[in-house]
Amino acid sequence: MQRMRLAFLLLCTFFVFGLYAQTVPLGMNYQGVARDAYGLPLANSSLSVRISFTSPDEHSTIYYTENHNLSTDQLGLFQLVIGSGDSNQKSLLEVPWEKEAIWMDIEMKTNANQDYQLVSSSQVLSVPYAMHAQKTLQVESEDGPELRSQSTRWLTSGNNGTQSNVHFLGTRDDGELSFKTNNVERVRLTQTGQVNIISPADGPQENRESYPLVVEGSNQGIWIKINESRSSNNNFLTFKDPKAIQGRVEGQTTGEFFASS
């Protein structure tokens, strides 16, 4: 059986297109020259190329495999996109780029009846960062994968060119939004718009640090507007201790005022 070898010309990094699309096309541009055992290019030849991403251990776990049927040009050159071949695997995202040392095996054959021959096995030394970034959109939590914000407009150094309809901090589903410090929840914004402040702040009433909510820096205080009339059925403020409601700041109509006099 004639032995073959593959001369590598170019291995491009992963390119990710349409991060916001429902189905994200993923791929890695790959280019090579097929040569025979004597180093001569296999010009104008039909090839089958099998590409696998595997683990480096002795059991060689195969994370992903795909096949390409292609033809070389007059110089033996061929091009393909890894990720677009025939594969039984779901996606290149199944490869644990962020956890394992990944090896890429290149196998080739020129006849449909012969077996694939391994022509190259090399470690992917530089992680395909765009592929990894796409996978890390999913961050494991106690309740399963969640999405991480991918906006390039929100920066700790300041935000420029934001558009409020598409660049925002929040949710688009019926989930709640939680704010944490030191990995402890401090503020929760519910799906109905209610803001809950959870704080262990405590101390003397004259100390600013004793209060979970501090409003300062203006010549006004807090503006409270309710949607209903100012009857006693509507509370502007409610005061409650661990046992029960202990007081209210209620609305009061003129009739209620004279009736309570």
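A: The protein chain contains two helices and 14 strands; helices (H or I, at least four residues) and strands (E, at least two) are DSSP runs, numbered from the N terminus. The model is predicted, so local features need pLDDT of at least 70 and side-chain atom pairs count only at pLDDT 80 or more, while totals for chains, interfaces and linings use all residues. Residues are numbered from 1 along each chain as its sequence is written, and side-chain values use heavy atoms, with hydrogens and water left out.

The pocket itself comes next. The second largest pocket is lined by I197, P212, L213, I222, I224 and L237. Its space comes to about 260 Å³. The lining consists of six nonpolar residues, with no polar and no charged residues. Here Ala, Val, Leu, Ile, Met, Phe, Trp, Tyr, Cys and Pro count as nonpolar, Asp, Glu, Lys and Arg as charged, and the others, Gly among them, as polar. A pocket is an open set of points on a 1 Å grid over the protein atoms alone, where a 1.4 Å probe fits, with protein on both sides within 12 Å along at least five of seven lines; lining residues have an atom within 4 Å of a point. Points are joined across faces, edges and corners, and the volume is the space filled by probe spheres set on them.

One of the lining residues, I197, also belongs to strand β12 (195-197). The loop between β11 and β12 holds T190. At 12% relative accessibility, T190 counts as buried (under 20% relative accessible area; exposed is over 50%, and partly exposed lies in between, with a 1.4 Å probe and protein chains only). The side chain of T190 makes a polar contact of 3.0 Å with the side chain of T192 (a pair of N or O atoms within 3.5 Å; within protein, one must be able to donate a hydrogen and the other to accept it, and residues adjacent in sequence count only if both atoms are side-chain atoms). Leaving aside residues up to four places away in sequence, T190 touches E176 and N196, where contact means heavy atoms within 4.5 Å.

N183 has a positive phi, near 60°, although it is not glycine. N183 counts as exposed because its relative accessible area is 66%. N44 is exposed, with a relative accessible area of 58%.

Strand β3 contains S48. S48 is buried because its relative accessible area is 14%. The side chains of S48 and N69 make a polar contact at 2.8 Å. Residues up to four places away aside, S48 touches H68, N69, E107, M108, K109 and Y116.

E107 is also touched by L118, together with D105 and I106, again not counting residues up to four places away in sequence. L118 is found in strand β7 (residues 117-123) and is exposed, at 53% relative accessible area. The C-alpha atoms of L118 and I106 are 6.0 Å apart, although the two residues are twelve residues apart along the chain.

For the chain as a whole, buried residues make up 25% of the 261 residues. Of the contacts with a separation of 6 or more, 44% join residues 24 or more positions apart.
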